[in-house]
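Please walk through this model with me, from single residues to the whole chain and back. Keep the structure in view as you read.

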Amino acid sequence: MAFKILEDVCIGCAACEAVCPNDAVRREAGDTFVIDPDLCTECVGFYDEQQCVEVCPVGACVPGSVPRETH
C-alpha cells in the first residue's frame, strides 16, 4: 500500500521530497506535501526501509489506505 503524509502533522520541511526515489512526493499549496499513490512503491527495489519515514522528523509519513497497484 502506498504511503501518505498526515497534513496535520507535517511541518513542511521537504525532507521526504528530496529522498523519494520515485518522485512520488510533491509540494501542494504552501507547505503541504502529498504522496502520489500511483508513484509510491514503498521504496521497494531501492531501499530496505521507506525513505520518507526514515527522514521525517515528526512521523508524518504513514502507510496509506490506498492499496498499491501491482502489474
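Asp8 is exposed, because its relative accessible area is 71%. The cut-offs are these: buried means under 20% relative accessible area, exposed over 50%, and partly exposed in between, with a 1.4 Å probe and protein chains only. Asp8 sits in the loop between β1 and α1 (15-19).

A word on the source. This is a predicted model, in which local features need pLDDT of at least 70 and side-chain atom pairs count only at pLDDT 80 or more, while totals for chains, interfaces and linings use all residues. Residues are numbered from 1 along each chain as its sequence is written, and side-chain values use heavy atoms, with hydrogens and water left out.

Now the fold. The chain holds two helices and four strands. Their order along the sequence is β-α-β-β-α-β. Both kinds of element are DSSP runs, numbered from the N terminus: helices are H or I with at least four residues, strands are E with at least two.

How do the overall dimensions look? The C-alpha trace spans about 35 × 20 × 15 Å along its principal axes. The radius of gyration is 11 Å, which agrees with the value near 11 Å for a compact globule of 71 residues. That radius is taken over C-alpha atoms, and the globule rule is 2.2 Å times the number of residues to the power 0.38. Of the 71 residues, 32% count as buried.

Contact here means heavy atoms within 4.5 Å.

The chain exposes about 4500 Å², and carbon and sulfur atoms supply 49% of it. These areas come from the Shrake-Rupley method with a 1.4 Å probe; for residues, only the protein chains shown count as cover.

Where does Phe3 lie? Phe3 is in strand β1 (residues 3-5). It is buried, because its relative accessible area is 9%. Beyond its neighbours within four places in sequence, Phe3 has contacts that include Ile35, Cys40, Glu42, Cys52 and Val62. Phe3 and Val62 are 59 residues apart in sequence, yet their C-alpha atoms are 5.5 Å apart in space.

Glu42, one of those contacts of Phe3, opens the way to the loop between β3 and α2. Glu42 counts as buried, because its relative accessibility is 17%. Its phi is positive, near 60 degrees, in a residue other than glycine. Most residues other than glycine have a negative phi, and most peptide bonds are trans. Cys43 is in the loop between β3 and α2 and also has a positive phi, about 65 degrees, although it is not a glycine. At 7% relative accessibility, Cys43 counts as buried.

Val44 is in that loop too. Is Val44 buried or exposed? It is exposed, because its relative accessible area is 53%. The C-alpha atoms of Val44 and Pro63 are 14 Å apart, with 19 residues of separation in sequence.

Tyr47 lies between β3 (33-35) and α2 (51-55). With a relative accessible area of 41%, Tyr47 is partly exposed. Leaving out residues up to four places away in sequence, it touches Val19 and Pro21. Tyr47 and Pro21 are 26 residues apart along the chain, and 9.0 Å separates their C-alpha atoms.

Last, confidence. pLDDT is the predictor's confidence in each residue, from 0 to 100. The chain averages 90, and 90% of the residues score at least 70. Over residues 67-71 pLDDT stays under 50, and the model has six contacts beyond four places in sequence for them. Where pLDDT is low, the predicted coordinates should not be read in detail.
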